[in-house]
Amino acid sequence: MSDTLLVTGASGQLGRRVLAHLLDTCAVPPARLIAVTRDPAKLADFAARGVEVRRGDFDDPGSLGEAFKGAGRLLLISTDALDTPGRRLAQHQAAIAAAKTAGVRHIVYTSMPNPDGSPIPFAPDHLGTEQALALSGRGWTILRNAWYFENLAFSLPGALASGKWFTASGDGRIAHLSRNDCARAAAFALAAEPGGNTIYDITGPVAETTAEIAALVSQALGKPIEVVQVSDDDLVRGMVAAGVPEPMAAILASLDTNTRLGRAANVSDAIEKLTGRKPETLRSYLAANSQTFLPDHGAHT
């Protein structure tokens, strides 16, 4: 039975961090690792460390069978294919089918909080993938990752420039965390011996309102931010007027709706259970990274 660990989407921002944690934090020998990406050249640094890098394209399901061959446990990092409804779910279903054919015995998947009944347009992709895993006959671990601190860069540069943060989140709370903590949790979940099928809520250590987040940012940067509550529709219209494409504006507004409805407030100790370390707080993250939220730095994805 193979003890080889495979990471899909390995050249992305999350995937690269997972590989680094597997090697440096989990001390997995590079000979046990396979990194799959559409462009192997982007992982030349990991190949130089002894990681086997393979080409695999989720839009070319035929490439996945060969890419997954010999892997015992696989991390399926959700793709960013949001341009066409259903495309991402089809990619994930193809990857699960290819993993099953290749003999992968356990799949770890990066999902989202509370995907069932969510107002967020891409939630059905995650729910459908979770359902496909349940029917796959493989062992599975689902990591329902909360939203990254880094994604505050969609809102904060404009708020810092104008002094006003327009939001539809109300008094809802959200348990943000760093992308690095998500990567660390994924690395440990992939490297662990399978212990049955498990869903983990991967969250930050505290759930905060938009007003509380704004206060922390103001303190870190010395810039006042007034939180202005608006309706969902007005939030979309404001973003479109500011140049955000309407489909993206609708997605971003739905995240606020989700928060207002209390669907992002869950706080879990799953990261500490998986890794032995608590996740970073927003205050700590801002102390090290607050300059990245200034208007001239743009948004992270």
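**Notes on the packing in this model**

1. Let me start with Asn145, which sits in strand β6. Helices here are DSSP runs of H or I with at least four residues, strands are E runs of at least two, and both are numbered from the N terminus. This is a predicted model, where local features need pLDDT of at least 70 and side-chain atom pairs count only at pLDDT 80 or more, while totals for chains, interfaces and linings use all residues. Residues are numbered from 1 along each chain as its sequence is written, and side-chain values use heavy atoms, with hydrogens and water left out.

2. Is Asn145 buried or exposed? Asn145 counts as buried, at 8% relative accessibility. (Buried means under 20% relative accessible area, exposed over 50%, and partly exposed in between, with a 1.4 Å probe and protein chains only.) Leaving aside residues up to four places away in sequence, Asn145 touches Thr110, Ser111, Met112, Pro113, Cys182 and Ile202; contact means heavy atoms within 4.5 Å.

3. On to the rings: there are 3 aromatic pairs. The rule takes Phe, Tyr and Trp rings (the six-membered one for Trp) with centres within 6.5 Å, and calls planes under 30 degrees apart stacked, over 60 edge-to-face and the rest tilted. Phe122 and Trp147 have ring centres 6.4 Å apart and planes at 85°, so this pair is edge-to-face. Phe122 comes from the loop between β5 (106–111) and α5 (123–134), and Trp147, 25 residues apart from it, from the loop between β6 (139–145) and α6 (156–162). Both Phe122 and Trp147 are buried.

4. Phe149 and Tyr285 make a tilted pair, because their ring centres are 5.0 Å apart and their planes lie at 40°. Phe149 is in the loop between β6 and α6 and Tyr285 in helix α12 (residues 282–289), so parts 136 residues apart in sequence are tied together. Phe149 is buried at 1% relative accessible area, and Tyr285 is buried at 8%. Ring pairs also bring in Phe293, giving a cluster of Phe149, Tyr285 and Phe293.

5. Now the nonpolar cores, meaning sets of buried Ala, Val, Leu, Ile, Met, Phe, Trp, Tyr and Cys residues joined through side-chain atoms within 4.5 Å. The largest has 32 residues, and Val7, Val18, Leu22, Leu75 and Ile202 touch the most other members. Two or more residues each come from β1 (5–7), α1 (13–24), β2 (33–37), α7 (179–191) and α11 (270–275). The largest share, 7 residues, is from α7. A second, separate core of 26 residues includes Ala153, Leu221, Ile251 and Tyr285.

6. Which residues does Leu22 touch, not counting those up to four places away in sequence? They are Leu5, Val7, Ala27, Val28, Leu33, Ala187, Leu190 and Ala191. Ala27 belongs to the loop between α1 and β2 and is exposed, with a relative accessible area of 57%. Ala27 and Ala191 are 164 residues apart along the chain, and their C-alpha atoms are separated by 9.6 Å.

7. Last, a helix pair. The axes of α8 (residues 210–221) and α12 come within 10 Å and cross at roughly 35°; axes are lines fitted to C-alpha atoms, for helices over the stretch in contact, with angles from 0 to 180 degrees between N-to-C directions. Ile213, Leu216, Val217, Gln219 and Ala220 of α8 meet Leu282, Arg283 and Leu286 of α12.
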